[in-house]
Amino acid sequence: MATRAAEVSFGVPALTPERAVSWPKRTRAQLANGLQVVLAETHAIPKFHGELFFRAGNALVVDRAPTLAEMTATVVRTGTAKRASRQIEEDLRRLGADLGATAGQDTSAISFAGLSECSEPILQLVNELAREASFPEAEFERERRQKLEEVKLERTSPDFLAGERLRKVLFGAHPYAAISPSEAQVAAYRREDLQGVYREIYTPENALLMLVGDFEPQVMLKTIEKVFADWEGKKPAAKEAPVPPKPQGRRVYLVHNPGSVQTQILAGCHAITRKHPDWLRLGLTNSLYGGAFNSRLVMNIREDKGYTYSPRSSVHTLRLHGYFSVSAAVRNDVVAASLTEIFYEIDKLRAVPVPETELADAQNYLTGVFSMGLATQEGLLSQFSTVELNELPSDYLETYREKVRSFTPTDLLAAARKYFDSANMQIVVVGDRAQIEEQAKLFGEIEIFDNQGNHIQEGFCPG
Amino acid sequence: MTRLQIPIQDSTLQNGLRVVIAPDATAPVVTVGVYYKIGFRLEPQGRSGFAHLFEHMMFQGSENAPKMQHIKLINSSGGVLNGSTMYDVTNYYEAVPSNALERVLWLEADRMRALKVDDENLRNQRDVVKEEVRVNVLNQPYGGFPWLDMPPVAFRNWANAHNFYGDFADLDAASLADVQKFFRTYYVPNNAVLLMLGDVKPEEGFALAEKYFAPIPAGATPPFADPAEPPQREERRGQVEEKFGTLPAMAIGYVMPPRRTTDWCAMALLDQALHGGRAGRIHRELVLEKQIAVEADGGIDDIFGYNGPSQMTTKILHKPEYSAEATLAAFDEVLREVREKGISEDELQQLKVKWRSDYYSTLEGGRGGYMPRYGLMHLLACFTLFDKEPQLVNTILDGFLAVKREEIQNVAQKYLLPENRAIVLRTPVTSDAKEAA
């Protein structure tokens, strides 16, 4: 609850009439081999941004090893039948290009950007990486050793430790529970496994090529046909994943990080995917709760109480399951006070309809920042790919603002009651056990882990 | 070769406030920035971290828009906002749908004219800043490395060498009177530039600037501490304990040539040759070929944004089985090769294409996925405040594209020398490899 009375402004100029928001026209095509293509032109800078998406990632192959698709992507860029690693990197520089190969739970992707004048050779290189990656033995070995150091290092980051624990709690045996491998799992990665993943996932029937930037779409489409037309390959077979657990009652998971001078709080519960009809109203409710600077949570625990620098809430959108989370890195002596306020603001949204003026402010915020995506090539690419990869309606972007503006306080009350599952929130705290255990216990039955992910026995307190 | 030309208009109000407008109606979004020529380099002694704490206070209320109203008015207009404190400038910026332009200018003018804060605001933001320091530095592996670790080792002038985030004792000592004095001294229109980029018609932008900012009286020209460094004649070394991380880390910083000289342009391309991602020589040798390091990157930070001593800094995280000296020897070998052999014409051509391409992205670029044209705003502001030439945005590229092979080798021989560098080791308390510096 805020302790300071709200004050008002004087003489604020009114907003002038809005200029229409119009999204660039998309040109769609599908090549005979199944490759889907989406192109959009925008000419502010003489460059283009692109991404070749494959509709499968770590989740599809988790039975073989965690984040195997990510490791595959890492090694993809290190050699092809025609070019060695060093050649690839120098050619990119020669073309004024940047390139990244990554994988998440649901997609693998090669993303790239470069000068428009070099678009054809850049696409040729992308084509080579997608079809002729050679997984050189020495490159694979190096990347694997590199990954070993990285997995040791990430266990020292409070953010990582909190995220890892919450995902395990919310997803159990479901593939989404695994966000990182153990050292032993990395040591067991084999080059053949990566090649297997590559053959399965990197196929035209499984792919979407999206380009945004300074080009003429019909000319670009001809180039794409020339470069990608003779590629072949089928979609991988879909797999049934186990149903995630439904944790009942609030529980607390303390990850003991010796020497922490601050506590990372992360609490969450299951929600919905992007395709769900309630998605927009949940997004608006989240924005008002903790998704914006001007939100209730930020105003309360930062601007009023000074407990934290960067509190926020989010709705995470994995393809099969979504979840809601709220996070804040707080002073050690205000862990209980911060959790109290976090739940106070959740419970208030579940109990009392949002005032009309506050709702209008949140609607303006969400519809305004939505249009920010129009101003950069990367922003456009991100918005267009969200629509495509989540199979949203083709008028999603054009109707978004109107839909967000149509919601009433009753809609938000219903969304908060349904998806801000206060009674069953799972609470992770990462910090020094001696300083925070008593405070954390107040919020539910507690389990304690060390920063390697192991359960700590009751009564045993290391460090 | 396609060359990007940005239309730019600028003007100066009676009170000395410079106004720069770069119209582009592609999207109905306008970015507004106000830059003040004061950064943490020039904050008062005994008040380390004050420039940044003060930046937070600028969001705490002004005469007609009290506490919480700044943030609320921008967000509820559909926009985002932030501010940041750098070495020589502090910025405040908003990206909003273009129908909110007038409202944003009103808000920026209100806080330039009459900041209104109290002790409660100051206590609140002091607490917030301490949590910011904990989340970014004290509770993070490699927090503040090397940007907070390097200056006290590399520099001798307090202006360049102190803790920019602030010692907690100094933050605690900051008073409301300090806030008011800092505001009156540095936050005057004649020490600032106002920028409008995107969906704005120049004549309307200038008229609105006149309407809201012209009534703000000019102040005395602010005094600035001299940031000049005494000449360096020896390699400098320091060591910092790493509390959380598992790998030994090392930063090596070389003092940069003066701004906007031929050497400076050559150094920028040399930086690209050394630090340009996976093609860069340092990453290639230390990570990909010799496999001593897990990370080896860095380079010149914000080349256009400094108006005093700065460095090109390499940051290395290396495997514990290699000593710091062995890692440094491998690094030195990379630099020796450039000093002795220079770079090929083919490599130089690659570097220039990439530099031009990166420059365009900087101009377009958002910041952290939002804030369109942040880069263009930043460059226009720095070129206006430091050089009085916003049009440099369209011409500065020429100097980099004209660099010759000999000039690259020449700056390598002149600047990449032990007596021109500082080295910081950040050594894990838990690591097997405990090296003495």
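## Surface

Accessible areas here come from the Shrake-Rupley method with a 1.4 Å probe. On that basis, chain A of this predicted model has an accessible surface of about 18,000 Å². Carbon and sulfur atoms hold 51% of that surface.

Chain A carries 53 positive and 60 negative side chains. The centres of these two sets lie 2 Å apart.

## Overall fold

Chain A contains 16 helices and 12 strands. Its C-alpha trace spans about 65 × 60 × 40 Å along the principal axes. The radius of gyration of chain A is 24 Å. A compact globule of 463 residues would have a value near 23 Å, so the two agree.

## Burial and contacts

Of the 463 residues in chain A, 61% are buried. Contacts in chain A with a separation of 6 or more are counted by sequence distance. Residues 24 or more positions apart supply 81% of them.

## Helix α10

The buried set includes the charged-type names R296(A), R302(A), E303(A) and D304(A). L297(A), V298(A), M299(A), N300(A) and I301(A) are buried as well. An α-helix has 3.6 residues a turn, so residues three or four places apart point the same way. In α10(A), R296(A) and N300(A) are both on the buried list.

After α10(A) comes G306(A). The phi of G306(A) is positive, near 65°.

Technical notes:
Residues numbered from 1 in each chain as written. Chains lettered and ligands numbered in written order. Predicted model: local features only at pLDDT ≥ 70, side-chain atom pairs only at ≥ 80, totals over all residues. Heavy atoms only, no water. Buried < 20%, exposed > 50% of the residue type's maximum accessible area, 1.4 Å probe, protein only. Helix = DSSP H or I, 4+ residues; strand = E, 2+ residues; numbered from the N terminus. Rg over C-alpha atoms; globule rule 2.2 N^0.38 Å. Contact = heavy atoms within 4.5 Å. Charge placed at Lys NZ, Arg CZ, Asp CG, Glu CD.
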